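Hello,

Here is the structure I promised to pass on to you. Have a look through it first, and then read my notes below.

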Amino acid sequence: MPSLKNIISKLCHSPRQDTHTPTRPAVSPALPVSSVTAIPAAKKAVKSKKKTKTKAKVAKMKISSRECNGDDGEIDDSHSRSPSPDPAIETWQNGMAMETDAVTVIENKDKLSVPIKNDVEQNSMVKLASKLNGAVVSLKKAPSKEKPNKDQLFVTALHTPNPFKTLATRKESSPSLPESLTSCLRSSLFPRVPPYLKFVSHDETVPLKIPTAIQKHLKWKLTTITPIVVKKTLTNSGFRLVKSECDTAECPQEETVDWIGIWGKHMKSIMFRAIKDGQKMNHFPGTFQIGRKDRLWRNLQKLASKYGVAEFGIMPKTYVLPHDLKILKHDWEKYAANNERWIIKPPASARGTGIKVVSRWTQIPKKKPVVVQRYVSKPYLINGSKFDLRLYVLVTSVHPLRIYLYKDGLARFASVKYNDELSSLNDRYMHLTNYSINRLSKNYTPNEDFAACEGHKWTLQTLFQYLKTEQNVDINALWESIKDLVIKTIIAGEASISSLTKANITSRYNCYELFGIDVLLDEDLKPWLLEVNISPSLHSASPLDIHVKGPLVSAVLNAAQFHVPRAEQAGLPYDSRLYTVYLSKEERDKHIIYTNMEDRDLYLRDILSTLTPDDVRHLLQAEDELTQSGALQRVFPTRHSHKYLPYLAGPRYYNRLFDAWETRYAEDREPGVELLRALCDMGYHLQTPGVPLKRAAAQQLDRCRMTWTRRRRPPRRGPPCPRSRRSGPPRSRSGPSLPQGPRAPAQTRCPARRLSRRPPRCSPAPSAAPAASPSPSPPSPSPSPSPSPSSPSSPPRTDLNMNECDEKEQC
């Protein structure tokens with residue numbers, strides 16, 4: 001009868017291997033999938049006396065079937081993202097359903113446990129926490145006995161999924177930046193989040209001192225419209241301005257330098273697919289939906305027809321010609337008795353180009369694409385002059401929507417005093433307030449002092465101070481009405497921008513946008529929306545302009561939150577996991593549940609009960625962003641911004657998440673920040689799902705030409721076919737067609753020519769229909785119909801699917 005030792009050796013192919021005890025639990029749902037390290041298979045036993053004694057002790061123990069299969073199971077788990085749970089996994093999974101108000105931390109010498117208060121009501125979302133699968137993690141090497149320096153400690157804390165005992169824990173403060181990097185980087189509020197680059201003012205006399213390992217990667221792509229104040233800010237912040245042979249808006253695929261930021265023109269939505277991870281651009285796809293005057297009016301009209309003119313009647317009545325010519329004619333006759341004035345604008349222009357005020361029907365262009373708008377004939381006047389406001393609005397995210405309003409701005413006055421006589425309608429210096437127009441007037445007076453109420457350009461803060469002291473205007477009420485107009489303006493294009501961003505952007509890191517919104521006040525101090533500029537002028541020709549636009553640029557770049565690019569030499573790189581757009585199954589389930597809730601009180605009560613890793617990533621970025629707002633006031637989301645949620649195109653999960661977050665923590669943000677710190681400290685925010693395989697199809701836009709080209713038919717290859725497809729004579733290209741005989745049956749076609757076509761070099765998009773297989777089929781006795789240009793089998797003449805490469809083009 002075999003001994004117990006022999007039975008165990010047969011069942012267990014190799015002995016158990018001693019491993020180092022980690023400071024974190026060996027199995028934790030908080031660790032990222034990409035950081036998973038499979039426990040290695042047991043090596044062959046080394047013959048020694050010490051090992052023999054250990055084996056003898058193990059042989060006398062009762063071994064369960066689970067312990068015997070431990071090594072094999074660990075090998076199998078290395079190929080799986082979701083290993084089968086053991087008691088340690090179940091303990092941590094049960095602890096994931098947490099109440100955000102109470103998180104206690106207990107630290108022991110060798111392990112860390114988090115007892116969590118779980119007194120929430122039983123609902124479907126509590127089960128989501130137990131579905132978060134863990135990942136088996138083991139240390140690759142034993143802890144070093146040498147005491148690491150501060151720089152090594154900081155880098156290890158950011159990028160090690162299971163740090164050693166010497167690293168900071170949740171009871172201690174999070175790792176701080178080394179002194180050599182504090183001048184150029186700012187640390188996040190949360191552990192295991194890479195630091196952000198600092199941007200200093202344009203007028204700094206001493207540029208930032210940046211280590212060479214980081215500075216050589218700070219490259220900014222110059223374009224023809226990069227403002228001077230932006231260039232000075234970047235140069236003082238340690239960036240190197242680089243150029244290429246072509247503009248990114250024209251041919252982004254021709255880039256030869258790895259830039260991390262660009263301030264350029266708006267591109268077509270599909271061009272945004274060429275932006276790489278770790279790069280930022282100052283635009284979102286689809287912002288022309290509010291940047292064009294005709295699109296802006298159409299989008300506002302949809303909301304006004306659904307929610308009423310009282311809510312969305314923020315823009316003067318507008319007509320898009322020639323489509324609305326009949327409607328304009330009807331309204332023209334209606335207001336003819338009142339000598340109504342109308343203003344004509346091109347749909348997509350700036351700086352007052354093509355704008356004029358008219359009062360006669362003969363002055364209206366009937367076929368030219370323009371917008372005709374009712375003229376606000378009773379504006380609010382200061383010193384007898386008409387003026388408008390230039391507001392600067394920063395959007396850092398569309399889904400979820402985050403809007404910042406710059407607290408300062410410009411008040412631009414007309415250079416000629418206003419009167420409403422019809423004879424003065426041709427005076428552009430009286431009725432138009434654009435700086436590009438009025439600076440050419442002989443009456444224009446520049447203002448060199450930003451605090452003075454003189455000249456034809458004031459700062460917004462100076463204007464508000466004048467209205468408060470001289471005109472007894474309620475500035476707070478006026479500012480609230482301006483914020484309401486700004487939010488509704490962005491909401492007008494949110495649906496289209498969000499849709500195009502989702503279709504063309506694969507990282508939430510890539511985009512931010514600064515808008516210039518022009519507002520006119522009427523005699524009742526009601527703000528009227530005039531237009532939205534997606535590339536507002538940052539030209540600083542006077543001390544007043546520099547005073548307003550200089551701090552604006554540095555505030556915008558700091559709020560955009562740039563990371564050090566991915567480079568081994570940098571040591572503190574951008575982490576793409578923080579900005580992934582992909583969701584796990586549990587996260588998708590939570591989105592579905594809370595998106596379908598109709599009662600706000602329901603999601604306010606439960607949506608924060610179980611935070612997913614994706615929730616934590618969104619919340620921590622918003623909290624880091626809020627610390628850099630400064631002169632930028634966040635107007636959405638706020639504690640009271642939930643009244644705008646019904647105006648969005650359908651319920652948005654992330655907007656509801658931030659609504660609940662602001663409702664709970666707006667008055668005191670520290671408990672919420674501490675909760676996120678506790679989750680980030682154990683790497684919960686870095687748990688991301690795998691990238692779908694269809695991602696590879698979108699990647700081919702980085703290799704293929706991104707230009708709208710006409711598809712050419714591929715050349716016919718192979719030997720000429722000895723048999724003709726048509727029995728009749730050939731058809732002439734010019735002149736009348738000759739009579740044709742019946743077409744030959746399908747079996748008489750040349751198979752060599754059909755099989756000799758080369759496949760395209762780039763694989764088609766996943767949505768494209770698969771090509772027909774050339775497998776043989778039984779011949780049909782009936783003649784096949786002639787191919788039609790509209791037939792699905794014939795190749796299109798124009799390449800409308802930009803996910804496919806032309807067969808003739810080099811990828």
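Helix α11 (residues 293-307) packs on helix α17 (residues 475-504) at an angle of about 100°, and their axes are 9 Å apart. Axes here are lines fitted to C-alpha atoms, for helices over the stretch in contact, with angles from 0 to 180 degrees between N-to-C directions. Helices (H or I, at least four residues) and strands (E, at least two) are DSSP runs, numbered from the N terminus. The angle makes α11 roughly perpendicular to α17; the classes are roughly parallel under 35 degrees, roughly antiparallel over 145, roughly perpendicular from 65 to 115, and oblique for the rest. On the α11 side, the contact (heavy atoms within 4.5 Å) is made by Leu 296, Asn 299, Leu 300 and Leu 303, and on the α17 side by Lys 488, Thr 489, Ile 491 and Ala 492.

Before you go on, please note that this is a predicted model, where local features need pLDDT of at least 70 and side-chain atom pairs count only at pLDDT 80 or more, while totals for chains, interfaces and linings use all residues. Residues are numbered from 1 along each chain as its sequence is written, and side-chain values use heavy atoms, leaving out hydrogens and water.

Next, a second pair of helices. The axes of helix α9 (residues 228-236) and helix α18 (residues 543-560) come within 10 Å and cross at roughly 55°, so α9 and α18 are oblique to each other. From α9, Val 229, Val 230, Thr 233 and Leu 234 meet Lys 549, Gly 550, Val 553, Ser 554 and Leu 557 of α18.

What does His 202 touch, not counting residues up to four places away in sequence? Its partners are Val 229, Lys 232, Thr 233, Asn 236, Ile 546 and Gly 550. His 202 sits in the loop between β6 (196-197) and α8 (212-215). His 202 and Thr 233 are 31 residues apart in sequence, yet their C-alpha atoms are 4.1 Å apart in space. With a relative accessible area of 13%, His 202 is buried (buried means under 20%, exposed over 50%, partly exposed in between, with a 1.4 Å probe and protein chains only).

In helix α16 (residues 460-470), the buried residues are Leu 460, Thr 462, Leu 463, Phe 464, Tyr 466 and Leu 467. They pack against several elements, including β16 (385-397) and α17. After α16 comes Asn 472, with a positive phi near 55°. In helix α21 (residues 613-626), 13 of the 14 residues are buried.

Enjoy exploring!

Methods. Expected span 1.5 Å × (residues − 1).
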